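Here are some notes to read with the model open beside you. Take the points one at a time and find each residue as you go.

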Amino acid sequence: MQLVPFAAVLKRKLKLSNNTLQLSFQPEQLSNGAFSFTAGQFIQFIFEIDGTTYKRSYSIANSPENFKLTGLLDVAISFVRNGVASSFFQHAEPGVKINISGPFGALTLPETLPGQLILAGTGTGIAPYRSMIPQLKALTAKGTPITVLMGFRYREEGIYCADFAQLLNIKYRNCLSREPSLNTAENEYAGHVQDQFDALNLNPEEDVVYLCGNPGMIDDCVTLLRDRGLSPRQIKREKYVYSGH
């Protein structure tokens, strides 16, 4: 973990959906060695506007393996109405420098799991699971059943769907809560991610569920999963708290 903030340069911007950007940052040379992280962790951005310092945390969206190849850290940032960070990053252009600290977080995977693994996320809460893709492939090779539950309001808000759709032996369900029509051939389902647990044949003794994204979704899922007998150690979660400040 880099306890002291370090500078990073914005190298590129990519529009992922109608309300989400992917920003790629290149950390500058660190005095205490190269930056490293574990898939599932997040970093904190520190920036100043009109004399006020702001801090915002975002999950790393690319894998450690990809970072070693490219030297870039990808983060997915969704727009929040009147959000200070949203406005700052929307207008930031490649070449701008920003301070970063981290990595932080314990939403990371073990090398083996006794039962099935379920990864549920809404919006940019999908990002840490994308970072895990090499590990997910390794787990499926060991026989671990994996299901990814992605939650968006509309199809046009979806991000990283293709990354999961192309994975062999990993099931995924794209849950659209407000989309008027669905494409079942593209694994689209009506409703929210928490509506899908009944179809997954949960084993309360062995299965592990990861939750990331909207706090309301996470709270609903935790209640539902606890009612089905899953213990706290089988439920890993990371809430995204949105702020306009």
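**Notes on the predicted model**

1. Cys212 is buried, since its relative accessibility is 0%. Keep in mind that this is a predicted model. Cys212 takes part in no disulfide, and the nearest cysteine sulfur, which belongs to Cys221, is 12 Å away. Cys221 is buried too, with a relative accessible area of 0%. A disulfide needs the two sulfur atoms within 2.5 Å. The total count of disulfides comes to 0.

2. Next, the nonpolar cores. The largest one has 30 residues, and those with the most contacts inside it are Leu117, Tyr129, Leu136, Tyr160, Phe164 and Tyr210. Which elements give two or more residues to this core? They are strands S7 (117-122), S8 (146-152), S9 (170-176) and S11 (208-213), along with helices H3 (127-131) and H4 (133-141). S8 supplies the largest share, 4 residues.

3. Pick out Leu136 to see some of those contacts. Setting aside residues up to four places away in sequence, Leu136 touches Leu109, Leu117, Leu119, Tyr129, Ile146, Phe164 and Ile170.

4. Now for Ser24, which sits in strand S2 (residues 20-27). Is Ser24 buried or exposed? Ser24 has a relative accessible area of 1%, so it is buried, as the cut-off for buried is under 20%. The side chains of Ser24 and Asp74 are joined by a polar contact of 2.6 Å. If you leave out neighbours within four places in sequence, Ser24 is in contact with Val9, Leu10, Lys11, Arg12, Leu72, Leu73 and Asp74.

5. Stacked would need planes under 30 degrees apart, and edge-to-face over 60. Phe35 and Phe37 are both buried. Which residues do ring pairs link into a cluster? The cluster is made up of Phe25, Phe45, Phe47, Tyr54, Tyr58, Phe88 and Phe89.

6. Some backbone angles deserve a check. Asp50 is not a glycine, yet its phi is positive, at about 50°. You'll find Asp50 in the loop between strand S3 (42-49) and strand S4 (52-59). With 78% relative accessibility, Asp50 counts as exposed. Asn169, also a residue other than glycine, has a positive phi near 65°. Asn169 belongs to the loop between helix H5 (161-165) and S9. The relative accessible area of Asn169 is 67%, so this residue is exposed; the cut-off for exposed is over 50%.

7. One last thing to find: a cis peptide bond. Which residues does it join? The bond is between Gly102 and Pro103, with omega at about 5°. Pro103 has its place in strand S6 (residues 97-104).

Terms used: Residues numbered from 1 in each chain as written. Predicted model: local features only at pLDDT ≥ 70, side-chain atom pairs only at ≥ 80, totals over all residues. Heavy atoms only, no water. Buried < 20%, exposed > 50% of the residue type's maximum accessible area, 1.4 Å probe, protein only. Polar contact = N/O pair within 3.5 Å; in protein donor to acceptor, adjacent residues only side chain to side chain. Contact = heavy atoms within 4.5 Å. Core = buried A, V, L, I, M, F, W, Y, C linked by side-chain atoms within 4.5 Å. Phe/Tyr/Trp six-rings, centres within 6.5 Å; stacked < 30°, edge-to-face > 60°.
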